[in-house]
Amino acid sequence: MEDTSTGSEPEPKPDQAPGELDGEAASRTRESTAEGEPVAGSEVDAAAAASSGSDASDDLDELRRRVEEEYDFDDFGPADMAQMSAEEWDAAFDPDSWITGDRLLDRAEAELKSRIARREVFGVLERVRTDGEERVLVYSDEGYAILRSTGEVTGQGTVLRDVEPIVALAAMESYDVPEPPDDWSLPHPDTVPEGSGEFGNLMIQVIAVVQVLAGAALLVASLVADLNTIVAPVIGLLFLLIGVFLFAMVANARLSDRFRSEEYRDRLRALREAKERPDFVPVEGDDEGEG
């Protein structure tokens, strides 16, 4: 009788659970894994990891674009640094592209000298060596900042807040550090002027004189001509009040400038009269440096 069976597949064993591999199939799977051949689960995990990495890269690029649009790194200051989050900082400043070592110290020193010359930073700058390591020290009567070659900045007070953004700029390859002037140090107290903006004060005084003369002329004309209107006396009185207000504003500006100049001279004298660094600066006096 003719055999009418259509398949040669072996019948499943009675004690084999659905989906369970027999001994030969399991052996082949183990051999493939041992030889490094990918299995279906590994391919899925690799695809998922690649997709996750691509999404993270897209998110980083988007965050970097947003940071570049929001912050002006040509005029980057302590307020901008305080406003940035840790994620924004990492996105804006790629650690692999930061400048470190002696080159960072040289760039930060040149930038600080330029800022001191422009009176944007108040402090004494020194290049010191501590524990065999070169460092940049900036200190004043109100604080200090120490920059290491790794880019780490430590300190306290207003000096630290001024130095931190400067170090961030100096560590960026795209930032051009200006050449400091020869006489970049803090000025002598006796060379500080009494005030600034004298041209502006003079212009305000001229306007105030015009206002007073116009007001006085209108009041005199109202009395002499015996005008039957109250408009001229009111306008004349208004001109007089404006003139007096402008004179008072100029006087207040001059007093404020004089007060700030005197306070600046006092701080300069305190630094010059000090024979050693302030006690709160944690750098030993024996570590001599270029000042």
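**Briefing: a predicted single-chain model**

At 48% relative accessibility, Val231 counts as partly exposed. Val231 belongs to helix α8, which covers residues 231–273. Together with Ile230, Val234 and Ile235, Val231 makes a nonpolar surface patch of about 350 Å². The model is predicted. Its protein chain averages a pLDDT of 75, and 68% of the residues score at least 70.

**Confidence**

- Where pLDDT is low, the predicted coordinates should not be read in detail.

**Overall architecture**

- The protein chain holds eight helices and four strands.
- From the N terminus, the order of elements is α-α-α-α-α-β-β-β-β-α-α-α.
- Of the 291 residues in the protein chain, 30% count as buried.
- Take the contacts with a separation of 6 or more: 62% of them join residues 24 or more positions apart.
- The accessible surface of the protein chain comes to about 19300 Å². Carbon and sulfur atoms account for 54% of that surface.

- Helix α6 spans residues 157–170, 14 residues in total. From first C-alpha to last, α6 reaches 21 Å, close to the 20 Å expected at 1.5 Å a residue.
- Buried residues of α6 include Val159, Leu160, Val163, Ile166, Val167 and Leu169. Pro165, Ala168 and Ala170 in α6 are buried too.
- Leu241 is another residue of helix α8. Leu241 counts as exposed because its relative accessibility is 54%, and the cut-off for exposed is over 50%.
- The C-alpha atoms of Leu241 and Gly215 are separated by 8.5 Å. Along the chain, Leu241 and Gly215 are 26 residues apart.

- Arg119 is not a glycine, yet its phi is positive, about 65 degrees. Arg119 sits in the loop between α5 (102–117) and β1 (124–130). With 42% relative accessibility, Arg119 is partly exposed.
- Asp131 also has a positive phi, near 55 degrees. The loop between β1 and β2 (133–139) contains Asp131. Asp131 is exposed, at a relative accessible area of 76%.

**Salt bridges**

- The count of salt bridges comes to 18.
- Lys113 pairs with Glu109 in a salt bridge, with the closest N and O atoms 3.4 Å apart. Both residues lie in helix α5, four residues apart, about one turn of the helix.
- Lys113 has a relative accessible area of 13%, so it is buried. Glu109 is buried as well, at 8%.
- Arg127 forms a salt bridge with Glu134, and the closest N and O atoms are 3.4 Å apart. Arg127 is buried, with a relative accessible area of 14%. Glu134 is partly exposed, at 24% relative accessibility.
- Salt bridges that share partners join Asp106, Glu109, Lys113, Arg127, Arg129 and Glu134 into one network.
- Glu133 and Arg135 form a salt bridge, their closest N and O atoms being 3.4 Å apart. Both Glu133 and Arg135 are buried.

Technical notes
Residues are numbered from 1 along each chain as its sequence is written. This is a predicted model: local features need pLDDT of at least 70, side-chain atom pairs count only at pLDDT 80 or more; totals for chains, interfaces and linings use all residues. Side-chain values use heavy atoms; hydrogens and water are left out. pLDDT is the predictor's confidence in each residue, from 0 to 100. Helices (H or I, at least four residues) and strands (E, at least two) are DSSP runs, numbered from the N terminus. The expected span of a helix is 1.5 Å times one less than its number of residues. Buried means under 20% relative accessible area, exposed over 50%, partly exposed in between (1.4 Å probe, protein chains only). Patches are made of residues with over 30% relative accessible area and no salt bridge: like charges are joined within 9 Å, nonpolar side chains (Val, Leu, Ile, Met, Phe, Trp, Tyr) within 5 Å. Accessible areas come from the Shrake-Rupley method with a 1.4 Å probe; for residues, only the protein chains shown count as cover. A salt bridge is a side-chain nitrogen of Lys or Arg within 4 Å of a carboxyl oxygen of Asp or Glu. Contact means heavy atoms within 4.5 Å.
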